[in-house]
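This report describes one protein model for a reader who has not seen it before. Please look over the sequence and the structure first.

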Amino acid sequence: MSEYFYTKKEAEKAILVGVALQSENISYDMMCEYLDELAFLAETAGAETVKIFTQNLDKPVTATFVGKGKLEEIKTYVEDNDIDLIIFDDELSPTQIRNLERELKGRKVLDRTNLILDIFAKRARTAEAKAQVELAQYQYLLPRLTGMWTHLERQKGGIGLRGPGESEIETDRRIIRDKITRLKEQLAKIDKQMVTQRKNRGKLVRVALVGYTNVGKSTLMNLLSKSEVFAENKLFATLDTTVRKIAIKNVPLLLADTVGFIRKLPHHLVESFKSTLDEVREADVILHVVDISHPQFEDQIRVVNETLGELMDNSKPTITVFNKIDAFTYTKKEEDDLTPIERKNYSLEDLKQMWMSKQEGETVYISAKSKENIEELKEKIYGIAKDIHSARFPFNDFLYQDFEIDEETK
């Protein structure tokens, strides 16, 4: 019975640190947008953001990333407010982490990559997802052993196995390399099983839901497939690809929900989740879901398109699904206001006109939450899926006879 009685752990108090680097063409406004996302990542990980520190620099300071004055400012605030965690929005070197932790008297210092890996570890449910995250964590850790002390368990030893004079850090490296090798072998076996599963699905048309994290892919998946895929208003609510067989009118197809993309997604994670992203590679149709209510939705579209470009050599039929129109808001300009029109002044109709001319494929504007314009989306999916199915099964006419029932003879 004792396992049911526990004290809820309080959220760790965190401060965020962002630097607008001129060398990387990061403007102050861009940095603020990235920090908003970092705050959401911190919340997803279970931390409470209490303050944000920012700085403009030409390039990072080699020893501590931020300048000496900014570090003193952070140090004073951390000590006065009993802060547990300091999170940087950029990737830090092992030396920078070690120096920062020493200056901040042993408090935890994380970079963006480490935070994302922590969230993925927390969200992983299946054996595949857990192995993928663990592999990414070890790949992240391996080159950083020089700058940090790990105290890994010493399971390997014995006569002839540990070289004369081998340092403990070399032993740690060997342990991690062995773990990486085993995890890669484990994932290779899982990947073979997944390939077999995909082959067993036959030649049904495959549709993949892709998009930035937290745009409503899982909610749309639940709506189209009438299933219960886990959906939550947090980043990376789902890591595992979920596939459901559905039918729109008289055409059967497979619908896959995939992991969400994000800015600065760690390279190790992309590599580790290669088998999961195979669902996107092998899809016949892409549903690119976009949160049109998000102020930076255009930047999110760019991030997803760049990631898809790395995954796939050829373009696929794509429907851009602008979701969350129920949450869309804009600021209407007064007629006598002569200042330039800003992004916040565009109405939904303005954006529709802009994106209809921009997009090469189909576009549709929906609300998965309030089920608005879902039938229009289904019609667009049906039109593309029917053409693909017809090309694969040219002699199967039965699927496409969309009979209309005569009410008098019913």
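## Terms for helix packing

The axis of a helix is here a line fitted to C-alpha atoms over the stretch in contact, and the angle between two axes runs from 0 to 180 degrees between N-to-C directions. Two packed helices are described by the angle between their axes and the distance between the axes.

## Overview

The model is predicted. The protein chain has 410 residues, and 47% of them count as buried. Its secondary structure consists of 12 helices and 10 strands. Among contacts in the protein chain with a separation of 6 or more, 70% are between residues 24 or more positions apart.

## Helices H7 and H12

Helix H7 covers residues 217–225 and helix H12 covers residues 374–392; the two pack with their axes 12 Å apart and at an angle of about 80°. Angles of 65 to 115 degrees count as roughly perpendicular, and H7 and H12 therefore stand roughly perpendicular to each other. On the H7 side the contact is made by Leu220, Leu223 and Leu224, and on the H12 side by Ile374, Leu377, Lys378 and Ile381. By type, the residues of this contact are six nonpolar, no polar and one charged.

## Nonpolar cores

In soluble globular proteins, nonpolar side chains tend to be buried together. The largest nonpolar core in this model has 88 residues, and those touching the most other members are Phe88, Leu220, Val321 and Ile381. Leu220 and Ile381 also take part in the contact of H7 with H12. Apart from neighbours within four places in sequence, Val321 is in contact with Leu220, Leu287, His288, Val289, Val290, Val364, Ile366 and Leu377. A second, separate core has 11 residues, including Val290, Ile301, Phe322 and Trp355.

## Salt bridges

The whole structure contains 17 salt bridges. One of them joins Glu37 and Arg112, whose closest N and O atoms are 2.6 Å apart. Glu37 is in helix H1 and Arg112 in helix H4, 75 residues apart, and the pair links distant parts of the chain. Both residues, Glu37 and Arg112, are buried.

Another salt bridge is formed by Glu282 and Arg206, with 2.8 Å between the closest N and O atoms. Glu282 lies in the loop between helix H9 (274–281) and strand S8 (285–291), while Arg206 is in strand S5 (residues 205–211), so this pair ties together parts that are 76 residues apart in sequence. Glu282 is partly exposed, at 34% relative accessibility, whereas Arg206 is buried, at 12% relative accessible area.

Arg302 and Glu306 also meet through their side chains in a salt bridge, at 3.1 Å from N to O. These two residues are four residues apart in helix H10 (residues 297–311), so about one helical turn separates them. Arg302 is partly exposed, with a relative accessible area of 36%, and Glu306 is partly exposed with 46%. Salt bridges that share partners join Glu37, Asp89, Arg112, Arg263, Asp299, Arg302 and Glu306 into one network.

## Residues with positive phi

Most residues other than glycine have a negative phi, and most peptide bonds are trans. Lys249 is not a glycine, yet its phi is positive, at about 55°. Lys249 sits in the loop between strand S6 (242–248) and strand S7 (251–257). Its relative accessible area is 45%, so Lys249 counts as partly exposed.

Lys324 likewise has a positive phi, near 65°. Lys324 is placed in the loop between strand S9 (318–323) and helix H11 (348–358).

## Two partly exposed residues

Gln22 lies in the loop between strand S1 (12–21) and helix H1 (28–45). With a relative accessible area of 42%, Gln22 is partly exposed. Leaving out residues up to four places away in sequence, Gln22 touches Asn56, Leu57 and Asp58. The C-alpha atoms of Gln22 and Lys59 are 6.7 Å apart in space, although these residues are 37 residues apart in sequence.

Ala121 is in helix H4 (residues 112–123). Ala121 is partly exposed, at a relative accessible area of 37%. Not counting residues up to four places away in sequence, Ala121 touches Val133 and Gln137. Between the C-alpha atoms of Ala121 and Gln132, 11 residues apart along the chain, the separation is 9.2 Å.

Note on methods. Residues numbered from 1 in each chain as written. Heavy atoms only, no water. Buried < 20%, exposed > 50% of the residue type's maximum accessible area, 1.4 Å probe, protein only. Contact = heavy atoms within 4.5 Å. Parallel < 35°, antiparallel > 145°, perpendicular 65-115°, else oblique. Nonpolar A, V, L, I, M, F, W, Y, C, P; charged D, E, K, R; others polar. Salt bridge = Lys/Arg side-chain N within 4 Å of Asp/Glu carboxyl O. Core = buried A, V, L, I, M, F, W, Y, C linked by side-chain atoms within 4.5 Å.
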